[in-house]
Each structure stands twice: as structure tokens, then as C-alpha cells.
Amino acid sequence: MAGFVGAVWDGRGVTGEKLREWCGVTPVACPRGAAITTRLRYSDGDEAVLDGVADHLGRLRRADLRAVCRAQPLPVGLDGVGRRQVRRDWINNRKAGLTVQSSARWANAIIAANDDQYRLARDAQYRHILGLRAAIATIEKRVAQPTTDTLTAELRRQRRKAKGPKGYPTQAERFTKQRRLQVLRAEMARVTRDFQSRRVHVVEGGKRLAKTRQNLGAAGLTENQWRHKWECARVRIQAKGSADEPFGNLTITVTPDGVVSVRLPKPLEHLANAKHGRYVLSGRAVFAYRAEEWLARITGGYSVAYTITRRPGRAGRYLTASWATPPEALGASGDADTDARARGPIVGVDLNAGHLAVRRLDAHGNPVGPPERIDIDLTGPTMRRDAHVRHAITRLIRYTRRHDVGAIAVEDLDFADARATGRETMGRGRRGKRFRRTVAGIPTAVFRNRLSAQAHREGIALYAVNPAYSSAWGDQHWRTPYQNVTRHQAAATVIGRRAQGFTARRRKGVTRTRPEDRGVRATDQAAPDNQRVTSSCHRQRTRGTKSRAPNRARMQPPGRATVTLANNGQQRPTLEVTVWQLSNLEPSRIKSP
């Protein structure tokens, strides 16, 4: 139905507006990797050695990252083979310089981490350019139109009927938007210039935390507190693994018994307490979560990457083990060129600010059972918000398991357009700012990523559905016939039906019977195949075994007219009336002349 042009109800009448594309169901793949964390137990001597290793590797990593972010442009006139050779020589030179100051394994880990950081920065730069283009185009359309305060009533009416781009309400607002347009164009020119020259701006430790240093009072931090957070964000020891190495990683090795050893860089080999320049920590690492999977990987010849970090506000260091997982096929039907379809019953979820609207559907797309609401408190620091998101997802998984449902459908939301052009299309003033803040606060990416991980662990298939018109059509078709169903829960019904391959709208002539119109059996009524007479008043086709006979005079016509021949041969009508004798409940026929 992509590109369908039909009748759209806008609240005043039917228009020929083009509908947004609403088709699209994508099975959410399982997470590409897994990560588990535990706290390391060590002595004061171990902490001094780890601090020295982290400081030395941090200086090397930041120097290499600086060179990567300011990459020199490739020579002009080279073909594809020549360009690949130039990049290969550049990487070899980087590795040779890092190997002299550390080792070959540490050099590979530093180069891989910086290259990943560079790719992420390039992707963010490209998305920033798209957002700037959208914002500039939106403002240019509105600035080109006259303001509302300069138009007459007739011109305003004509512009509303034309449904074209509208101008700003006042000339003062139009002037401020023109100033903003100049700022956006200058930002667009700067970012485009950096993108074409393959130059990115990366701050190790985070740009937000770096800017916080200039305004500690607003952040509620002292200089020492900020310094502690800054060091925790920048100091880390990271090593990639290999399947050919013992226990999946030779740079940072963790044995099945939990013994942790680190291969020291060449300038620090004098601090080693084991053979081959290794340092063995006094404490042992114990993983409490997914320990069986980790043990199977290190003993089965698979690679495992380790990272040793610090956390602000917590003592000690933390060891994180991560590995990649192969993709798995989900329970979906459909060809490669068509949308996937969920099999069997499904749970539709509508993510909103502060709660999850949940609706359970059977295999035919019909709502089953009462609707569900799961609250999410998104106030407070990041760790608290993440904890509430995990708790809400856990309740959703338990709800799905309790009703024996094997699939969940969620909205495929990212609010990229809202963040780019929300200041022009999502309200004005304080009300618009509050609404934009609410939309930006919905944890769409965090919710989808965590839900995919937890659902995969529980064996539940997850589907991402296009959310276009889900609220409008859900409110129109799936809210009125049911009781205590909100607009968001009706939207969850549409989301679940789309994942199953059904249309969001109801089929004509198939309307659910209202609860007050259903046929309900009377009290103490026996089953149809085992009826029993409990009183002398029982007769067939009555509502219950102890109820009286219905008023048949209301159910049958009052009488039927018949024709009887008179003595003189003339026809005269006679009335045949059926009368119920209340004494024995038997009808008798009486003919009146």
C-alpha cells in the first residue's frame, strides 16, 4: 500500500491527501553480541600496576586517535587498487609505531578501537548533515510565505483551503527564524567541509562531560568530582581476543578458575610477576550472569574480548567479557521480497512517555483478555532510568510467558524527523517545547535493544512494525467496541495486527456484539446436552430451568385473517386467534364470527 492516494478524514471532511507509507514488518534480529561484567578483587600492588598500564596505553590510544581523526586526503588520480594500497600502508605504519612502544597485540587492540570510533563518528556526522538539511528545507518553505498577521481574512481562508506551506504567525517570529536559518547554513557548511575532507571531532571521555567542566555549578559537581568522572571515562584497558589463543585471549587471559593475567607492554615488563612479561592479579574473577556461556567459549576455542574499566562513585575496577553471537532465524513467514508475518498469537506494545500499552491478540488478530498497562518512571539519573526500563521489559516478558504467547510486536520508532524539524512541526512556545522534550525523552533505542536481548534469551520472537496511523485507526476501529481500552492500547492492537499480516481497519459487516447484547444463560441453567426438569413450570425454549415461560403474545402476530363461506355463498372474513390458557399452558383455537 506504499504511495496509496485515497480519502483521508481530517476532522472536517474527506480530502485527497497522500497517505504515509504504513506497511513494513521487520523481524528484530537477536543481539550481535553479549557482554557480562564482574568486579575485580585485587591488592594495592595490583592497582598500581593496572594504573600504570592504563596510563601508558591511554597516551598511545589518544595519540593514534588524533592522527585518525585528522586523516590526510588521498592523492588525486588513484584507482581503487591504489587507494586500498595507500590505506594499507598507512595502517602498517601506525601498527609499527605502536608496536615499538607496547606490543603487537596491544597495537592491534588500539588500532581496532580507534577505527571503530572513527566509523561511529563518521556515521554521526552523516546523520547530522541529514538533520541540518531537513531543518533548513523546512524553515525555507515557511519563510518564503507571508506572515499571518499581514493577510486578510479572505487570504487566510484561501491558504487553508490550498493546504500549502503556511508562514509564521508574526513578523517578529519570522525574523528570529531567519536568524536561525543563517546559523544552520553556517553549521551546514562547516560540517559538510569536514565530511568531504574525512575529518571528525572526537573527545575521548565524551564531549558532554568535557563541556560540563566549564559550568560545574549548573551540573552540581565540584572540580574533584568532575575530575574523578573524567578519569573514569578515559582510563580503560581493552584487548581483542582470537580463537587461536589460549582461552580466547592472550593479552588479557582469564582461566576457567577465574585467574586473571595481563600481558604488560614492553616499557612495563619490569613489573611482571610471571613468565613472558605477564602480571597475575591476586584476586579471581567470578561471573554470576551467563557464566556457562562464557566458560563454553573459552574452553571451546572461541575468542573473547576483555575490558578493564573504572566506574564513577564506585571503588575498584570492573572486568567486562564480550563476544559475538551468530544471527538466528526467527519464527516468521513470508518471502524474501515481502514483509515478514508472525505466526500464532502475539502481544502488541505501544511505547509512550511513562508507560507501555499492551494488548494481547489471538492467531486471527482479535483482542483477547483485558488490556494491560506497564508504567515506566523516566525521571532521575541515567542508571535509574535504565533500571526502570529493564523492570518494565521484565514485566512484559512475564506477561507474554504467562499467557503462552511466543511473539511481541513493537513500533519501529527513532524520532529522527522529530529531532531534526521538531521546532518547526511540533508546536510553538512553552507547550511545544514541553511536548518536544517529552518525545525526545522516550527511550526508543534503549527499549528496543534491551527488549531484543531479553526476548531472545526467553525464546520470544520480536517484530518491528511501521507505526503510521496506528493511533488514529486504533481509536477508530478498536477502542469503541471494548470497555476500558485507551487510545494507546487500541494502537497496540493495530501494531499486533500488522505484525500478523492483517489490516488495521475492521472488515465491514464484522462488528463485535456488545456485551449487553449477548445471550447469557440464566442462573442454574443446565448444559444443552444434559438438561433436567427441576419444576413443573419448565417448558422447552425457556431461558432457564426455574424461569417462567416467556410472553408468547408479544412474540407471535395477534391473529390471522381467514375466509369462510357463509350460507348464502358470500365470503366473509373470520379472525382466527390463538389464546394461551394460563391454567395448563396449552393453546386453544377460537374462531370468532
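**Cysteines.** I looked up Cys232 and found it buried, with a relative accessible area of 6%. Buried here means under 20% relative accessible area, exposed over 50%, and partly exposed in between, with a 1.4 Å probe and protein chains only. Cys69 also counts as buried, at 7% relative accessibility. I then checked for disulfides, taking a pair of cysteine sulfur atoms within 2.5 Å as the rule. The count came to zero.

**Ground rules.** This is a predicted model, in which local features need pLDDT of at least 70 and side-chain atom pairs count only at pLDDT 80 or more, while totals for chains, interfaces and linings use all residues. Residues are numbered from 1 along each chain as its sequence is written, and side-chain values use heavy atoms, with hydrogens and water left out.

**Confidence.** I read pLDDT as the predictor's confidence in each residue, from 0 to 100. The protein chain averages 79, and 76% of the residues score at least 70. Residues 525–538 have a pLDDT below 50, and I noted 16 contacts (heavy atoms within 4.5 Å) for this stretch beyond near neighbours in sequence. Residues 552–593 are also below 50, with 44 such contacts in the model. Where pLDDT is low, the predicted coordinates should not be read in detail.

**Cores.** I took a nonpolar core as a set of buried Ala, Val, Leu, Ile, Met, Phe, Trp, Tyr and Cys residues joined through side-chain atoms within 4.5 Å. The largest one has 35 residues, and Ile237, Trp294, Tyr306, Leu319 and Ala321 touch the most other members. Helix H1 (residues 44–69) gives the largest share of this core, six residues. Helices (H or I, at least four residues) and strands (E, at least two) are DSSP runs numbered from the N terminus. Another core, of 24 residues, lies apart from the largest one and includes Leu351, Ile374, Ile408 and Ile460. I also listed the neighbours of Trp294: leaving out residues up to four places away in sequence, Trp294 touches Ile36, Val254, Thr255, Pro256, Phe287, Val304, Tyr306, Ala321 and Trp323.

**Sheet.** I traced an open sheet of four strands in the order S4-S10-S9-S5, with antiparallel pairing. Two strands pair if DSSP finds at least two bridges between them. Strands S4 (33–39) and S5 (236–239) are at the edges with a single partner strand each, so one side of each has no neighbour in the sheet. Neighbouring strands are turned by 15 degrees against each other on average, direction ignored; the axes are lines fitted to C-alpha atoms, for helices over the stretch in contact, and angles run from 0 to 180 degrees between N-to-C directions.

Going through the pairs, I found seven bridges between S4 and S10 (residues 318–324), with Ile36 opposite Ala321. S9 and S10 are joined by five bridges, and Ile308 stands opposite Leu319 there. S5 and S9 share four bridges, in which Ala239 has Tyr306 as its partner. Strand S9 (residues 305–309) is largely enclosed by the rest of the structure, because four of its five residues are buried.

**Backbone.** Most residues other than glycine have a negative phi, and most peptide bonds are trans. I noted Arg198, not a glycine, with a positive phi of about 60 degrees. Arg198 lies in the loop between helix H5 (171–196) and helix H6 (207–212) and is partly exposed at 37% relative accessibility. Tyr469 also has a positive phi of about 60 degrees. Tyr469 is in the loop between strand S17 (461–465) and helix H14 (470–477), and counts as buried at 17%.
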